[in-house]
Amino acid sequence: MADVTRSIFVPIARHLRADTNMYIHHLRNGAVAHEGAGTTFWFRPRTSALSQVPLDDREQALLFHARTSDYQDITVQATITYRIDDPTLATTRIDFGIDPETGVWNGSPLEVLGGLLTELAQQPAVQRLAEMTMLEALAVGVTPVRDEIASALANDERLRERGLAVTDVRVVAIRVEAELERALQTGTREQVQQDADRATFERRALAVERERAIAENELKTQIELARREEELVGQRGQNERKRAIEQAAADAIASEAEAARRRIQVETESEATRLMGDAEAGAEQAKYGAYKDVETAVILGLAVQELAKNLPNIDNLTITPDILTQLLAQLGGRSSTDPVTKEAA
């Protein structure tokens, strides 16, 4: 807004300073005294008429209701961007006058412009939506409504007469009542929920399939391990049988060798015993054959000699006549019965 100050040195005058985006139009006694953006000057309040017109872009928010061809009430939310191209012309059609003491607008010129733009934009939008169904308006209605409003405002003569120019039109949203919107969203929500459930089921099915594949792989692995274990047990059995057969064969060979060795040993010992017996028998026979022609007295002497060899040591021997007589009697009696003596006789 314009900055209006007073000076103690000039009490009947005021000083005005405007911003660069504000156009000031100063009339003094009906004639233009000052005009332009960002101007500063002194003026007398009682003889001056001041107007302040904004030059920057302004936005006007729109919110209005419309009815579709299927008699459904919808709400349109839009934004219009505009600016004042001809501020001098705008001051003649709209009250932009300011208080010379405070620099504040006397009225509400921006609200007047906003109301005008709302009315001019609402009419073509309502007509365009009346040709569409509710579903069409919700689905593709934003672009047609925006183009309709922009075209209507660009060609509107009332805006040009007031020095206004519309630079942009945006339709933010087209909505229906909350209950109807929730009802329309039900199908989509159900579809989304079905898709989510389907994805969940597919994920679970995939997990089950993977678990089944893992279980099958584990089972196949166990079967393969069991088969290999069976082969290993069979191979071990065959090895044990072969080892037992080889051990039995080795034991048989060892037994046969031991039996043969013992047989040979027994045969050798038997042959040695036989030979020794034969030798002893031959020796005895030769010995007894040598005694055949020997006299009895010699044989008795040899017998006594042999007996003496086998008797224990005798330190003292006492022979009495009785013992000697008895011994000689016994020897005499034996001599009469000795086979050798008989053969000699």
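In this predicted model, F9 sits in the loop that runs between β1 (3-6) and β2 (14-17), and with a relative accessible area of 73% F9 is exposed. Together with I8, V10, I12 and W42, F9 forms a nonpolar patch on the surface, whose accessible area is about 620 Å² in total.

Charged contacts are the second topic. Side chains of opposite charge can pair when their charged atoms come close.

| Pair | N to O distance | Relative accessibility |
|---|---|---|
| R170 and E59 | 3.4 Å | R170 32%, E59 55% |
| R160 and E157 | 2.5 Å | R160 43%, E157 42% |
| E240 and R243 | 2.8 Å | E240 48%, R243 49% |

The salt bridge between R170 and E59 ties together parts that are 111 residues apart in sequence, because R170 belongs to strand β9 (residues 164-176) whereas E59 belongs to strand β7 (residues 58-67). Within this pair, R170 is partly exposed, while E59 counts as exposed.

The other two pairs each lie within a helix: R160 and E157 are 3 residues apart in helix α5 (residues 157-161), a separation of about one helical turn, and E240 and R243 are likewise 3 residues apart, about one turn, in helix α6 (residues 178-291). R160 and E157 count as partly exposed, as do E240 and R243.

Conventions
Residues are numbered from 1 along each chain as its sequence is written. This is a predicted model: local features need pLDDT of at least 70, side-chain atom pairs count only at pLDDT 80 or more; totals for chains, interfaces and linings use all residues. Side-chain values use heavy atoms; hydrogens and water are left out. Patches are made of residues with over 30% relative accessible area and no salt bridge: like charges are joined within 9 Å, nonpolar side chains (Val, Leu, Ile, Met, Phe, Trp, Tyr) within 5 Å. Accessible areas come from the Shrake-Rupley method with a 1.4 Å probe; for residues, only the protein chains shown count as cover. A salt bridge is a side-chain nitrogen of Lys or Arg within 4 Å of a carboxyl oxygen of Asp or Glu. Helices (H or I, at least four residues) and strands (E, at least two) are DSSP runs, numbered from the N terminus. Buried means under 20% relative accessible area, exposed over 50%, partly exposed in between (1.4 Å probe, protein chains only).
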